[in-house]
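User: I want to learn how to read pockets in a protein model. Can you walk me through one?

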Amino acid sequence: MRIDELKSGMILSADLKTRDGRMLLPGGLELDDRHIRMLARAGIEEVDVAPPLMELDAEMVRAVEGYVRDFYLYVNPDYAPMLELFRISLDRTAMAVASGWKLPSPETRRAQTVEHLDDLFLKDMGGPEDIVKHETDLASFPDMYFRIREVLDSPNVSADRLAKVVSTDVGLSAKLLKLVNSPFYGFTSSIDSISRAVALVGGQELSSLALGVSTISYFKDIPHELVSMEQFWRHSISCGIFARLLAEQQSGLQAERLFVAGLLHDVGRLIMFKKIPYASREAMLFARENSIPLNEAELEVIGFSHTDVSRYLLESWKFPQGLSSIINHHHDPMTFPDPLGPAIINVADNMANAVGISEGGMYVMPGIAEQAWETLGLDVNFIRDAVTAHDEQIDQIQRAFF
Amino acid sequence: MSLFSSSISLRKGISITDEEFVQLRDFIYEKSGIFVDQKRKYLFESRFRKRLQELGLNSFGDYHKFLKFDSSRKEEMIRLFEMITTNETSFYRDTKQLEAFTDKVLSPLVADIRKQGKKDLNIWSAGCSSGEEPYTLAILLFELLGMDAARWNIRINANDISMAMINKAREGVYNDYAMKTTPEAIKKKYFINEAGGLRIKPEVAKLVDFRLMNLNDPLALKRIPRSHIVFCRNVIIYFDEDMKKRVINAFYDNLMPGGYLLLGHSESLHKITKAFKPEFHPGTIAYKKE
């Protein structure tokens, strides 16, 4: 919007900086006359303002509250981190509605019909190992990641050699470059080659990212009736970002690895969508109808959950053990001997669900394992800061992947 | 900047103590066979809170006493059952199963009865919710028997633990959601368009007898006439192992030799009983009483 059209009360939609990168005003700020005069003096011609917000009447505010509350029925209402997430979900949902988003009706929130889809087997006639075997017999995992690992594990590993291997896959290279150029890394100048990325980000870190990117591109033919792939990956990327933010608060963790664990925490579910679509949909309906989290519904309806499937899947794909364990234990972090990684994904998954409600997320909050949160040793206030940091990164990272 | 009070809480009223939860859970289990897992304590709390407020009760312990001793406890049990059951259902739910059922179970069975020179058929729809399943079975029979249907003596005994659901089933009027997997031709043939939705035609409705019934009541189970077929879909998933066994045994006793039990897509008799002979068909397992 041109500077002479600005009015006080408008909200800046992004940080406003001078040409040489000096911060003038932060995004989200409500402009007043003083700000507008200051911008004119600084020679700014145009700024991005958020679309005008609709005024929400009392009835609408109550509707938002009721809508959000439904997602929190399963969790401990007296638990401080949960309460904080609830308040964040409320604010975001109110903001989304004020920007024109319509609260989904109960009918649209139900999964679509999949009467034409067949399951690999009927209830109790097979297990997670059969699902995974059927999948891995048909298709093999993209081997680029393992070629990268080979280079990294060999003596005299050089950035150039690693770069050479990665560069043979044009799609992978492009995605990795987009990722390292996202605000996630905060490099001031743009990185235009893989060898530069290796030098700046590190070989191990880049190989973790390459594993994440390869895995995502593996999943293309998921029945769209069950779940919107865009929404599925948005939730996964959110979880990855939160996992990274949480990991940065701990010492001795490789943040990229937690990002990738967050990104892939639900891959077991994708295989279930492919192999047992009807049962997967029954589980979704059961979860909605009973207001319980999807993983609990999976156990009751199908007899095993998406982490049971990922356990076999990641093993047969020869994923690094550490990474697999973090993914496989995100719903029961404290049962794993080294619970820090799974605890991070457990919390990050809840945070991602909380911010996803205002974007059409369908499933109730799974609940933070209370010991998991204690393991992280964080203050409740950290949650809101992490959400702000997440919002600054999510769109660009999503664009890097898709 | 928030439209919500900074003190807005997740908790909306009194909480249930662990002791009260166990008391109520055991009480519900004893009365209905439905088992509420500890993990669902908060869910349970919020589901019942409104009812406690309506009754002017100050604790879940008082509600437990109310259910046990109040003069209106019988009526309250009916409400309680409505609060703990769910009703996800629709006409022609699980079409693959229904196709297999029609081709591999119902047709041979009908042929068999004909061969014996009879025209009687009893079906039990246990846990019928708002009636979509038993009406679907009635329609399948009309489709299979054609003109001959009128000469058959068909009885579909349908029951549910929720009075609200039984009333809705007897009313027989349905919205689009209930019809979402129903073929258009079937809608035209067996329903009447009304302002409130689609009404099941009286000739179909009259095959079905809806009654309030608790599957945890052994005497009530024995009053059901003996059946050729029992349908019990998405019900036993709410029961614990012991209750599952009791209900399945009751179905076994109720079935005539050669009769069949059909369960929901997410249920099987694996780990429950070996009394039935499973017949495997694409889309379903039919459990035969030999």
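**Reading the pockets**

Analyst: Start with the lining. In this predicted model, 38 residues line the largest pocket. Nearest its centre lie A:Leu12, A:Ser13, A:Gly28, A:Met95 and A:Asp391.

User: Which elements give two or more residues to that lining?

Analyst: Two helices of chain A do: helix H3 (80-98) and helix H20 (381-401). H20(A) gives the most, with nine residues.

User: How much space lies in the largest pocket?

Analyst: About 1900 Å³.

User: Where does the largest pocket lie relative to the domains of chain A?

Analyst: Check which domains supply the lining. Domain 1 (3-41) and domain 2 (56-139 + 224-402) of chain A both give residues, so the largest pocket lies between them.

User: Now the second largest pocket. Which residues lie nearest its centre?

Analyst: A:Asp70, A:Leu73, A:Ser291, B:Ser46 and B:Arg47, out of 33 lining residues.

User: Which element gives the most to the lining of the second largest pocket?

Analyst: H2(B), with 10 residues. About 1000 Å³ of space lies in this pocket. By class, its lining divides into 12 nonpolar, four polar and 17 charged residues.

Terms used. Residues numbered from 1 in each chain as written. Chains lettered and ligands numbered in written order. Predicted model: local features only at pLDDT ≥ 70, side-chain atom pairs only at ≥ 80, totals over all residues. Heavy atoms only, no water. 1 Å grid on protein atoms, 1.4 Å probe; cavity = no way out; pocket = protein on both sides within 12 Å on 5 of 7 lines; lining within 4 Å. Points joined across faces, edges and corners; volume = space filled by probe spheres on them. Helix = DSSP H or I, 4+ residues; strand = E, 2+ residues; numbered from the N terminus. Domains from an automatic or database assignment. Nonpolar A, V, L, I, M, F, W, Y, C, P; charged D, E, K, R; others polar.
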